[in-house]
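The sequence and the model come first, and the description follows.

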Amino acid sequence: MKEIKLLTRRVGTYEPPDLKGYEAQGGLVALKKALAMGPESVIDEIKRAGLVGRGGAGFPTGPKWAMVAGEKQGQKYLICNAEEGEVGTFKDKVLLDGDPWLVLEGILIGAFAVGAEKTYIYINGEYDQTIELWDRLVVEARKAGLLGDDILGSKLSVDLQVVKSKGLYITGEELALISSLEMRRAASRLKPPYPTEKGLFGRPTVVNNVETLANVPVILAEGVEAYRRLGVEGEPGTRLFSLSGDVKKSGVYELEIGSGTLAEFIEEFGGGTAGGRPIKAVQPGGGTSRFLAGDSLKCKLTARAILQAGSGIGTAGVIVYEEGKSAVDIVKGLIEFYGFESCGRCAPCRIGVVRIKEIIDKVFGGEGTDEDLEQLRQIGKACVAVSTCGMGQAFPLPVLSALELFPQDFEAAIEKVSA
Ligand SMILES: Cc1cc2nc3c(=O)[nH]c(=O)nc-3n(C[C@H](O)[C@H](O)[C@H](O)COP(=O)(O)O)c2cc1C
């Protein structure tokens, strides 16, 4: 397996916010192309490229843009989602810090394509230096005529506001994010209406992940055919994988989609497990993804193969757990985080997350019973089935899959008590 530097090729080669360093390496070529092509052709190119969102839900970008572009009257918005709150996920930061102009170019092209004059970048509240850098970047961009009116001498007007997030996992969920930007409580709501119909201040809004937007200038600059040559059928391009947990070397690696298996990736890039023990389980798509173990680790690094293996590619945050750890400890660690992250709006998630946390603590503390394990299953399944947003639908997945894959660990925790 080899790293392919498509989105990350300029990372570390210039000192942001230096714009010259970016332009010297092909920067802004795509924006100029886009302005000459016109908004509709840009959306067609993104559709033809087959770009899908990298924020976790995997929604196709071109059709999303077309929905917002279809609204011809009044204000529209584009939001770059840089919350990056998912456990085991730190790849957006590489782009935000290492090649912010690429992300800004993606924002500008997106805004041009959908007709949004006002854009936002909503950055994780813990990324202090990143926020500082983006504040300086906006000043530079205004000076260089890349924000404001008549961008690059065209009729395009776009403004960008840098917003420090409230530092909650839930504010990465697009509707909670929008609510927070409106200075309201960061709570989600039922969809539809989707943000593309009724988003920020009730207006059509595109919400896109950082990595998704970084793909846009690359697609336009390199051309759709070249872009589609990378990846596999139905999943073109590359993905930035964050690798962490029990590995020798954690980090962010850009790989061609489908270029190897999950097990090969962990071995070749992570240098194997930290303690040299066999792998017990892996979460391939961030902290809310189901565990994979055994032969499932031989699945290719594609969304489809990971789904077939029983999990989801999500944010491509690969978290490795080696043998020697009990699954009870692992899910306890995860639920300790998610247990405080529900927005509280819908009852299944608000109550379910607390109940699940209580039961896991009880089992971990050696006071669990078979009935508790059954309750874990029931509550987890109910949350997945009836929660309003992806938070409640996803946080129980690791717990449920741990119960399926490692029942012996839970039984051992219970038996410890009875003995
Ligand atoms: C609880 C929760 C947290 C999320 N956090 C993020 C996040 O930090 N960054 C992100 O881009 N998307 C996040 N998402 C997904 C967004 O709701 C949305 O689908 C995404 O920003 C759309 O961008 P994309 O189409 O480019 O992937 C989250 C979703 C849920 C349910």
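## Thr-238 and its surroundings

The side chains of Thr-238 and Glu-254 are joined by a polar contact of 2.6 Å. A polar contact is a pair of N or O atoms within 3.5 Å; within protein, one must be able to donate a hydrogen and the other to accept it, and residues adjacent in sequence count only if both atoms are side-chain atoms. This is a predicted model, in which local features need pLDDT of at least 70 and side-chain atom pairs count only at pLDDT 80 or more, while totals for chains, interfaces and linings use all residues. Residues are numbered from 1 along each chain as its sequence is written, and side-chain values use heavy atoms, with hydrogens and water left out.

Thr-238 belongs to strand 7 (residues 238-245). Helices (H or I, at least four residues) and strands (E, at least two) are DSSP runs, numbered from the N terminus. With a relative accessible area of 0%, Thr-238 is buried. Buried means under 20% relative accessible area, exposed over 50%, and partly exposed in between (1.4 Å probe, protein chains only). Leaving aside residues up to four places away in sequence, Thr-238 touches residues including Ile-4, Leu-6, Arg-54, Glu-211, Leu-230 and Glu-254. Contact here means heavy atoms within 4.5 Å.

Of the 8 residues of helix 8, 8 are buried, so the helix is largely enclosed by the rest of the structure. These buried residues are Glu-174, Leu-175, Ala-176, Leu-177, Ile-178, Ser-179, Ser-180 and Leu-181. Their cover includes helix 4 (61-69), strand 1, strand 2 (118-123), strand 3 and strand 4 (205-209). At the start of helix 8, a side-chain oxygen of Glu-173 comes to within 3.0 Å of the backbone nitrogen of Leu-175. Just after helix 8, Met-183 has a positive phi of about 65°.

Ile-79 is part of strand 1 (residues 77-82) and counts as buried at 0% relative accessibility. Not counting residues up to four places away in sequence, Ile-79 touches Leu-177, Ile-178 and Leu-181, among others. Tyr-120, Thr-205, Val-206, Val-207 and Asn-208 are also among the residues that Ile-79 touches. Ile-79 and Ile-414 lie 47 Å apart in space, C-alpha to C-alpha, and 335 residues apart in sequence.

## The ligand

The ligand is surrounded by 19 residues, and the closest are Gly-55, Lys-64, Glu-174, Asn-209 and Thr-212. A residue is near a molecule or strand if one of its heavy atoms lies within 4 Å of it.

| Residue | Part of the residue | Ligand atom | Distance |
|---|---|---|---|
| Lys-64 | polar side-chain atom | oxygen | 2.9 Å |
| Gly-172 | backbone N or O atom | nitrogen | 3.3 Å |
| Thr-212 | side-chain N or O atom | oxygen | 2.7 Å |

## Aromatic rings

The structure holds 11 aromatic pairs. Rings of Phe, Tyr and Trp (its six-membered ring) pair if their centres lie within 6.5 Å; planes under 30 degrees apart count as stacked, over 60 as edge-to-face and the rest as tilted. One of the pairs, Tyr-169 with Phe-337, is edge-to-face, at 5.7 Å centre to centre and 65° between the planes. This pair links distant parts of the chain, 168 residues apart: Tyr-169 is in the loop between strand 3 (159-164) and helix 8 (174-181), and Phe-337 is in helix 13 (residues 327-338). Tyr-169 is buried, with a relative accessible area of 17%, whereas Phe-337 is partly exposed at 29%.

Tyr-253 and Phe-269 form a tilted pair, 4.9 Å centre to centre with 50° between the planes. Tyr-253 lies in strand 8 (residues 251-256) and Phe-269 in helix 11 (residues 262-270), so the pair ties together parts that are 16 residues apart in sequence. Both Tyr-253 and Phe-269 are buried. Ring pairs also link these two residues with Phe-241 and Phe-265 into a cluster.

The charged end of Lys-280 sits over the ring of Phe-406, 4.7 Å from its centre. A charge sits over a ring if NZ of Lys or CZ of Arg is within 6 Å of the ring centre and within 35 degrees of the ring normal.
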